[in-house]
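Here is a short briefing on one protein model. Look over the sequence and the fold, then read on.

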Amino acid sequence: MTELHPDLRENVRMLGELLGQSIRRYPGQECFDRIEEIRAAAKADRRQESGSGQRLVSLLGKLGDDELLPVTRAFNQFLNLANLAEQYHGIRRKRGHQSDLMVESFGEVFERLKTSGISAAELHQRVADLRIEFVMTAHPTEVARRTLIMKYDEMSDCLARLDHDDLMPAEREEVVHRLEQLIAEAWHTDEIRHERPTAVDEAKWGFAVIENSLWQALPRFLRSLDLSLSEATGKGLPLAAAPIRIASWMGGDRDGNPNVTHQVTRKVFLLGRWMAADLYLRDIQALRAELSMWQASDELKALVGDSREPYRHVLAGLRERLVKTRDWAEAAVNGEPADDSDILFENEDFIAPLEVCYRSLVACGLEHIANGPLLDTIRRAHTFGLPLIRLDIRQEAARHAEAVAEMVDFLGLGDYLSWPEEERQRFLLEELQGRRPLVPRNWQPSEPVREVLATCEVVARQTPEALGSYVISMASKPSDVLSVILLLRESGMTFPMRVVPLFETLDDLTGAPDSMAALYEVEWYREYCQGRQEVMIGYSDSSKDAGQLMAAWAQYQAQEKLTAVANQYGVHLTLFHGRGGTVGRGGGPANRAILSQPPGSVNGSFRITEQGEMIRFKFGLPRLAEQSLTLYTTAVIEATLAPPPEPEPAWRETMDWLTQRSLKAYRDVVREDPDFVPYFRQVTPEQALGKLALGSRPARRKASGGVESLRAIPWIFAWTQMRLMLPSWLGSDVALEEAAKSDRLPALREMMKGWPFFRTYVDMLEMVLAKADLRIASYYEQTLLDDDELRTLGESLRSRLAGCIERLLELKEQQTLLEGEPVFAHSMRVRNPYTDPLHYLQAELLRRDREGEGKGEVPEMVERALKVTMAGIAAGMRNTG
């Protein structure tokens with residue numbers, strides 16, 4: 001049994017002890033003793049494998065109302081501190097320490113590719129042309145408050161300082177004292193948000209990730225890539241290379257979120273420019289201190305005249321314009337009159353003078369100075385630009401069709417919505433090829449249409465570098481894409497924006513290749529997109545619709561066919577992966593996932609959503625961000641230059657055979673069993689999730705409705721909280737059971753050996769099954785279900801989960817789960833004594849919460865403690881939705 005690394009264990013112990021000191025001070029020793037007794041009982045119950053949790057339950061049952069909150073808060077805080085220690089452990093730099101999460105270096109990957117026959121020239125070309133875009137989404141899964149996140153970040157800094165072996169006792173004491181203060185501050189801070197963040201708050205949180213982490217991480221990452229590329233191929237990265245881009249949905253995603261209006265989007269564009277001007281201003285101030293040299297090239301002299309300090313002269317000009325830009329953006333955000341004369345709006349106006357300075361230093365033999373902080377600023381400017389991020393817009397196809405329909409109706413041209421697709425296309429293309437404006441001046445559209453057009457106008461006023469993709473959800477026909485282009489053009493757009501259909505349900509994925517072929521058939525559109533197309537694959541909704549196994553296979557096949565269709569029309573396809581943090585939403589280790597994509601589908605470009613708590617786990621600290629960027633980049637380079645082999649025809653047949661069974665088994669429960677929705681509502685905290693002020697979006701697309709109207713995130717969150725983890729395995733249980741009965745397990749083992757896609761699927765399933773807990777799920781049922789029929793359904797689901805675990809162990813020829821992932825297994829074991837009490841308390845609190853609602857009043861302590869259990873379990877599971 002692998003133990004935690006001694007350094008990690010020591011940090012977890014120290015943080016736990018410091019938390020204990022805070023608890024002893026307040027609420028006091030008696031409360032601390034009670035918490036320790038509960039923790040010891042949870043540990044003892046876990047040691048007796050067959051233990052029913054009775055001792056723990058009876059201790060928790062004796063807690064008075066006033067003890068509920070401090071006890072739940074203590075376990076929640078400890079889990080957050082354990083996460084922090086683990087996160088820091090992954091990036092520590094201590095001598096002789098090999099992190100359990102060490103990332104393969106660029107040098108190692110480049111060497112392997114060259115050994116496999118890739119030439120230096122091809123490797124250089126592919127890396128120089130690389131395009132990887134991370135799209136931060138405000139999906140409401142970040143449970144921790146930003147106030148606390150900032151304290152946790154400083155605690156990480158303290159752990160890093162304690163890692164120095166040469167600290168004097170007094171210096172060490174000072175750091176530990178600061179840690180103690182920070183933990184006390186966190187303990188005395190309310191960990192639950194009481195107000196929902198607005199869409200603008202979410203966008204500010206995204207900007208803070210850039211300011212606090214990516215701003216430092218990106219130049220360091222590029223420096224390391226540049227050096228390795230130079231060593232491997234003899235040539236470094238081109239000066240203007242920007243292999244990484246950062247985009248965002250925060251303030252741009254209006255699909256099902258009425259709180260994101262055109263005013264919000266406009267404000268977010270301006271906030272980005274304000275923050276960017278402020279960050280570049282700090283860079284320029286620092287560069288003025290650095291670049292005091294007098295030698296200059298003729299090019300630079302022509303720019304500055306006979307200045308004695310030519311570089312400072314250029315930088316002073318940029319500084320003045322950045323100050324004006326910052327003041328203009330601030331005034332515009334606050335709705336005050338804003339002077340936009342001489343501001344920096346186009347990236348080129350900022351980058352060109354910096355590059356003149358760079359070329360001058362190189363020409364004067366000062367290359368080592370040119371490649372210092374100046375190069376870092378130029379690289380930031382190519383990556384973030386003056387807008388700071390590229391904002392995506394997302395809207396539902398029907399909203400655009402309504403807008404076109406109202407125009408057509410006003411002009412007396414007929415009923416657009418009843419036209420067949422051919423007629424819609426013909427009309428849209430005629431308008432796109434014509435010169436006259438379609439929107440009449442005196443026209444008064446309805447409110448929803450006015451909002452769509454106002455958004456298009458805000459978008460049309462931006463520079464290309466400020467924009468990511470215009471994503472259309474529920475898109476299925478060429479007219480869905482053409483109507484967006486027309487609306488943008490009518491709003492004054494002068495350059496082609498990427499318009500990206502999103503395919504997310506099982507039917508969408510199946511129809512996607514034909515939909516795209518129909519779009520590429522339109523000659524006008526092929527010219528518009530200039531031979532490049534992006535298509536978004538939605539992971540969450542397809543899993544909720546069809547179950548995890550069927551969804552994964554449908555996504556794989558859709559990507560294969562979409563790649564083939566794009567190749568047929570000579571179009572370079574970028575797949576945009578809308579993955580969540582959990583396996584049920586397409587999550588899991590990023591490099592494994594990228595390397596198991598269909599061959600040819602990762603063709604030097606890759607776009608992926610990063611959301612909620614995963615942004616913090618991957619990009620929250622500069623070293624962590626550097627590691628994540630390296631991990632993704634090496635995987636994209638490798639998947640491009642050395643893709644996995646095509647699956648054997650027999651393996652495809654086996655996948656079809658498995659998924660026919662898994663799809664039916666999944667839908668028989670989720671769609672056909674009349675007891676399923678009542679069971680879900682009663683046994684999980686789904687109804688109470690709305691009380692957590694997680695994000696600006698409503699949890700449901702429609703106020704009423706069953707599982708299909710529920711967003712994918714609360715659906716996963718709810719099952720994770722009570723540890724049945726149902727969305728990630730339901731359906732797979734039957735498929736594996738029938739495979740075992742019909743003697744197909746040897747064939748599945750062959751597939752695991754030879755096919756990264758299937759191997760990754762099985763490993764992800766194992767990881768989820770390891771997080772599931774039959775005993776805890778059973779306790780939720782005992783506490784929350786009165787109806788015998790619902791209890792019977794629960795019993796059947798738990799027995800299916802147990803069967804699924806048995807079959808998976810048989811398939812992998814293991815005695816226990818996670819034999820190949822000992823570090824992850826141990827991390828789960830360390831967390832159990834802290835998550836177990838939260839689960840038992842949550843079930844009891846849900847019962848009291850519902851009783852209170854029945855009487856018309858829920859005690860405040862019950863509601864607060866319930867929210868803390870949800871946050872704590874999310875921290876313990878390391879993901880929410």
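In which strand is I246 found? I246 is found in strand β2, residues 244–248. The model is predicted: local features need pLDDT of at least 70, side-chain atom pairs count only at pLDDT 80 or more, and totals for chains, interfaces and linings use all residues. Residues are numbered from 1 along each chain as its sequence is written, and side-chain values use heavy atoms, with hydrogens and water left out.

**Overall build**

- The protein chain holds 37 helices and 8 strands. Both are DSSP runs, numbered from the N terminus: helices are H or I with at least four residues, strands are E with at least two.
- The radius of gyration of the protein chain is 28 Å; this agrees with a compact globule, because a globule of 881 residues would have a value near 29 Å. The radius is taken over C-alpha atoms, and the globule rule is 2.2 Å times the number of residues to the power 0.38.
- Along its principal axes, the C-alpha trace spans about 85 × 75 × 60 Å.
- Of the 881 residues in the protein chain, 60% are buried. Buried means under 20% relative accessible area, exposed means over 50%, and partly exposed lies in between (1.4 Å probe, protein chains only).
- Take the contacts between residues at least 6 apart in sequence: 83% of them join residues at least 24 apart. A contact means heavy atoms within 4.5 Å.

**Surface and charge**

- The accessible surface of the protein chain is about 35,000 Å². Carbon and sulfur atoms account for 49% of that surface. The areas come from the Shrake-Rupley method with a 1.4 Å probe; for residues, only the protein chains shown count as cover.
- There are 107 positive and 132 negative side chains in the protein chain. The centres of the two sets lie 2 Å apart. Lys and Arg count as positive, Asp and Glu as negative; His and the chain ends are not counted. Each charge is placed at NZ of Lys, CZ of Arg, CG of Asp or CD of Glu.

**I246 and its surroundings**

- I246 counts as buried because its relative accessible area is 4%.
- Neighbours within four places in sequence aside, I246 is in contact with F134, M136, I210, L214, F384, I389 and R390.
- E10 sits 236 residues from I246 along the chain, and their C-alpha atoms are separated by 36 Å.

- Strand β1 covers residues 131–137 and β8 covers residues 605–611.
- β1 and β8 pair in the parallel sense over 7 bridges. Two strands pair if DSSP finds at least two bridges between them.
- β7 (residues 572–578) runs parallel to β8, with 2 bridges between them. F576 has R607 in β8 as its bridge partner.
- How many residues of β8 are buried? The count is 7 of its 7 residues. In β1, 6 of its 7 residues are buried.
- In a regular strand the side chains alternate between the two faces of the sheet. In β8, S605, R607, T609 and Q611 point one way, while F606, I608 and E610 point the other way. All of these are buried.

**Strands β4 and β5**

- β4 (residues 467–473) and β5 run parallel, joined by 4 bridges. Y470 has V499 in β5 as its bridge partner.
- β5 (residues 498–503) is mostly covered, with 5 of its 6 residues buried.

**Backbone exceptions**

- Most residues other than glycine have a negative phi, and most peptide bonds are trans.
- The peptide bond from Y26 to P27 is cis, with omega near 10 degrees. P27 is found in the loop between α1 (6–25) and α2 (29–47).
- L388 is not a glycine, yet its phi is positive, about 75 degrees. L388 lies in the loop between α15 (373–384) and β3 (390–396). L388 counts as buried because its relative accessibility is 0%.
- R723 is not a glycine either, and its phi is positive at about 65 degrees. The loop between α29 (712–721) and α30 (726–729) holds R723. R723 counts as buried because its relative accessibility is 1%.
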